[in-house]
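These are my notebook entries on a structure I looked up today.

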Amino acid sequence: MSEPLRVVIADDQALVRTGFRMILNADGIDVVAEAANGVEAVAAVRRTTPDVVLMDVRMPEMDGLEATRRIMTADAAAPRVVILTTFDLDRYVYAALSAGASGFLLKDVSPEQLVAAVRLVRSGDALLAPAITRRLIERYAARDAGSAALHRDLSTLTPRELEVLALLARGLSNAELAERLFLSDATVKTHVARILQKLRLRDRAQAIVVAYETGLVTPGSSPPAGG
C-alpha cells in the first residue's frame with residue numbers, strides 16, 4: 001500500500017487528539033480530520049473517507065459505539081475503527097467489536113504501539129490477540145446476547161470451516177490451527193478467508209464474536225477435538 005494512510009481521530013479531549021496527531025504525523029500518517037463527539041466523527045468519515053478511525057467511547061452528543069455502528073452500516077467500504085479506552089477489557093469494547101470495530105487500544109499506548117496498531121488494522125488484520133478477544137467475549141457475550149449486532153447464518157459454512165471457526169474463537173493462531181487440524185498454514189489461511197467472506201465479516205475479531213453470538217461456542221465449553 002503506497003498511498004498515505006489516512007486517519008480520523010475522534011476524542012472529546014483536545015489534548016488526546018493533538019498528541020495522537022503529532023505521533024501519527026511524525027511517522028508519515030495523514031490525520032485528515034479530528035472530531036470531539038460521535039456526530040462529528042460520523043460526519044468526518046463521510047467527508048474524508050479515511051482508512052482508519054481512532055474512536056473514543058465516551059463522548060458527548062453521540063458516543064463512540066453509536067458512531068461506530070453508523071459508520072459501519074453506512075458504506076460497504078467503511079474504514080477500520082479502533083476503539084480508544086482507558087479501561088482494559090471494558091464491556092464497551094465488546095459492544096464495539098459487535099458493532100464492527102477491528103480492535104481497541106488503551107489511551108496510554110506508546111507512540112510506537114499507536115503507529116504499529118494503525119498500520120496493522122489498515123492492512124486488514126484485527127487489533128486483538130485472539131485469546132484476549134475470547135476472554136472479553138466470554139465475559140460479556142451471554143449477558144449481551146439479546147442486543148447482539150453480528151448475527152450470521154452459519155449454514156453456509158462447511159463442516160471443516162465450522163471446526164476452524166470454533167477453534168479460532170478459542171484463541172488459536174493460524175499456526176496452532178494448522179497443527180491441531182493437521183493442515184498446512186496456507187490451507188488454514190484459505191479456510192479463515194472463506195469464513196470471513198461467507199459470513200461478510202471484516203476480520204478475526206468479528207468472527208470470534210459471531211462464534212459466541214450464534215452459540216457455536218459457549219463460554220466455558222471445551223474446544224472441539226481436531227482431526
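**Entry 1: a pair between a helix and a strand**

I began with R21, which is partly exposed, with a relative accessible area of 26%. I kept in mind throughout that this is a predicted model. Next I looked up E34, which also counts as partly exposed, at 28% relative accessibility. I then found that the side chains of R21 and E34 meet in a salt bridge, with 2.5 Å from N to O. Because R21 lies in helix α1 and E34 in strand β2, this pair ties together parts that are 13 residues apart in sequence. I noted beside this that side chains of opposite charge can pair when their charged atoms come close.

**Entry 2: a buried pair**

Are K107 and D56 buried or exposed? I looked up both, and K107 is buried, as is D56. The two form a salt bridge in which the closest N and O atoms are 3.2 Å apart. K107 sits in the loop between β5 (103–106) and α5, while D56 belongs to strand β3, so the pair ties together parts that are 51 residues apart in sequence.

**Entry 3: a pair inside one helix, and the count**

I turned to R69 and E66, whose side chains meet in a salt bridge at 3.4 Å from N to O. They are three residues apart in helix α3, which means that about one helical turn separates them. R69 is partly exposed, with a relative accessible area of 34%, and E66 is partly exposed too, at 27%.

**Entry 4: two helices packing**

I looked at how helix α1 (residues 14–26) packs with helix α5 (residues 111–122), and I noted an angle of about 70° with the axes 10 Å apart. Angles of 65 to 115 degrees count as roughly perpendicular, and α1 and α5 are therefore roughly perpendicular to each other. Which residues meet there? From α1 I listed F20, I23 and L24, and from α5 I listed P111, L114, V115 and V118. Sorted by class, this contact of α1 with α5 has seven nonpolar residues, no polar ones and no charged ones.

**Entry 5: a buried asparagine in a loop**

I found N37 in the loop between β2 (30–35) and α2. N37 is buried, because its relative accessible area is 5% and buried means under 20%. The side chain of N37 reaches the backbone nitrogen of V39 at 3.0 Å. When I left aside the neighbours of N37 within four places in sequence, I found it in contact with M59, P60, E61 and M62.

**Entry 6: two residues with positive phi**

E61, one of the contacts of N37, has a positive phi of about 70° although it is not a glycine. E61 lies in the loop between β3 and α3 (64–74), and it is exposed, with a relative accessible area of 69%. I then looked up T49, which has a positive phi of about 45° and is not a glycine either. T49 is placed in the loop between α2 (38–48) and β3 (52–56), and its relative accessible area of 55% makes it exposed.

How values were computed
Residues numbered from 1 in each chain as written. Predicted model: local features only at pLDDT ≥ 70, side-chain atom pairs only at ≥ 80, totals over all residues. Heavy atoms only, no water. Helix = DSSP H or I, 4+ residues; strand = E, 2+ residues; numbered from the N terminus. Buried < 20%, exposed > 50% of the residue type's maximum accessible area, 1.4 Å probe, protein only. Axes fitted to C-alpha atoms, helices over the stretch in contact; angles between N-to-C directions. Parallel < 35°, antiparallel > 145°, perpendicular 65-115°, else oblique. Contact = heavy atoms within 4.5 Å. Nonpolar A, V, L, I, M, F, W, Y, C, P; charged D, E, K, R; others polar. Polar contact = N/O pair within 3.5 Å; in protein donor to acceptor, adjacent residues only side chain to side chain. Salt bridge = Lys/Arg side-chain N within 4 Å of Asp/Glu carboxyl O.
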